[in-house]
Amino acid sequence: MSRARGHLARRRHAALGTILALTLPLASCMRVEITYRDVGQPDARSLDAARPSIDADLDARAPDAAGIDADLDAPRSDVPLPPDTAAATRAVLASVGEHIILAALRDFEARANELVAATDAASASGTPASLDAARAAFRAAMDVWERLEVVQLGPAGLPLYASGGRALRDEIYAWPFVSYCRMDQDLVDGLYESADRLGTEPTSARGLAAIEYALFEPTNTNRCAASATINTSGSWAALGDAEVARRRRVYAHAAAVLVAARARELRLAWDPAGDDFLRTLATAGEASPLFRTAQAGLNALSDALFYLYKEVVDYKIGIPAGIYADCPTDTCPDKVELPWAHASLDAIRINLLAFRDVYLGAPPPLEAPGFDDLLRARGAGELDDRVKAQIAVALAALDAVAPPLEAAVTADRDDVATLHRACRALADLFGVEVLTILDLELPNRVEGDND
């Protein structure tokens, strides 16, 4: 390794060590604040060290890739790459863009339209069967969207962090920035009545998270403080249970109409029949108007995969399990993703499988050029083997957790913490070793002051 490359590797290790706070005791660490999304909302994450009591207890039983079947139903990196490095990189970008991102966007648009129809029927009739159908349509749409969560690059991403970003992801799903109280206030104020009116609300009160709450919340209580106006004025109580239930069904439909519109917009942003961001990515360093080099395109893709670091490892597992100081009590089951549909573990599984597919270049059994082939082309086959094995470890750790996650963080805490370690180890492999071998940079949303 060259001196310059060695220095870069040390910088990456130092930055990620601070970000994840893996080994240093809290007393010896300087607290580093890195805003999750610098868009005016409060910092949702304090990067304190993981609680020593949990980390120390789990050291002896940290997940190990030894003995795990890492076949993953995938080809063993035998896809031939062009001899030119830039051309090989573009082959990976083209495959991921076509077979993963655009394919999922087309699927999600169809599911979003089905959700519009199902919520429309439920809002009109209010029968248990129509509500069950709307819930099933939500689950189907959410499953597809969780695949896209892992690849928030280009139009889906925030302009501050993603080249070509148009913030369309947050228009569809703004989690973890969700305000259930704001949704309940909208029920009282009448903003739920149409997509046009609901569209004036912040993203924290609409999108897929709002649809989940409106369809699955089992009671007709609200999530505002007792001191909130809708409670002190009696306006919520005046609605009555039946009216609250009706308004929530209408709310779900209005939110679904907005989601479907944004789904179409995002699909067209990538589609060759629209703005063709697929070509912008696939021609990086050649004819791309945005990415001057193929490496820049690959860096945009690797930046998106840091979803595994922040959202999956920290927000979806670490905070609910009480591993981070953002949870002020032993555990925080109320912090899980998708708490009303009880689908948090399903979402994590889909995220891990989507990460795997991007790493391989396409969903198995389709053979396509991926990060694995780029590593092997650089003589890093052993690292590729370890990444694939660790994906299998993470999936096995997930299988050991009994759903739902909001119950498991208390009743099955050791297995949840083991899942956290397994996913964190996978994130480390990619974010440190893979990035170093492929000469990729950390995304600016996590570098902060550590660069």
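Predicted model: local features only at pLDDT ≥ 70, side-chain atom pairs only at ≥ 80, totals over all residues.

Visitor: Where do Cys181 and Cys224 lie?
Guide: Cys181 is in helix 6, residues 180–189. Cys224 sits in the loop between helix 8 (208–216) and helix 9 (229–232). The pair therefore ties together parts that are 43 residues apart in sequence.

Visitor: And what's the S to S distance for Cys181 and Cys224?
Guide: It's 2.0 Å.

Visitor: Are Cys181 and Cys224 buried or exposed?
Guide: Both Cys181 and Cys224 are buried.

Visitor: OK, next thing. How many disulfides does the structure hold?
Guide: Two. Besides the one joining Cys181 to Cys224, there's a disulfide formed by Cys327 and Cys332, with sulfur atoms 2.1 Å apart.

Visitor: Why is the disulfide of Cys327 and Cys332 called right-handed?
Guide: Because the torsion about the S-S bond of Cys327 and Cys332 is about 95°. Cys327 and Cys332 are both buried, too.

Visitor: What pattern do the disulfides follow along the chain?
Guide: Counting the bonded cysteines along the chain, the pattern is 1-2, 3-4.

Visitor: Switching topic: what about Cys423, buried or exposed?
Guide: Cys423 has a relative accessible area of 0%. Buried means under 20%, so Cys423 counts as buried.

Technical notes: Residues numbered from 1 in each chain as written. Heavy atoms only, no water. Disulfide = S-S within 2.5 Å. Helix = DSSP H or I, 4+ residues; strand = E, 2+ residues; numbered from the N terminus. Buried < 20%, exposed > 50% of the residue type's maximum accessible area, 1.4 Å probe, protein only.
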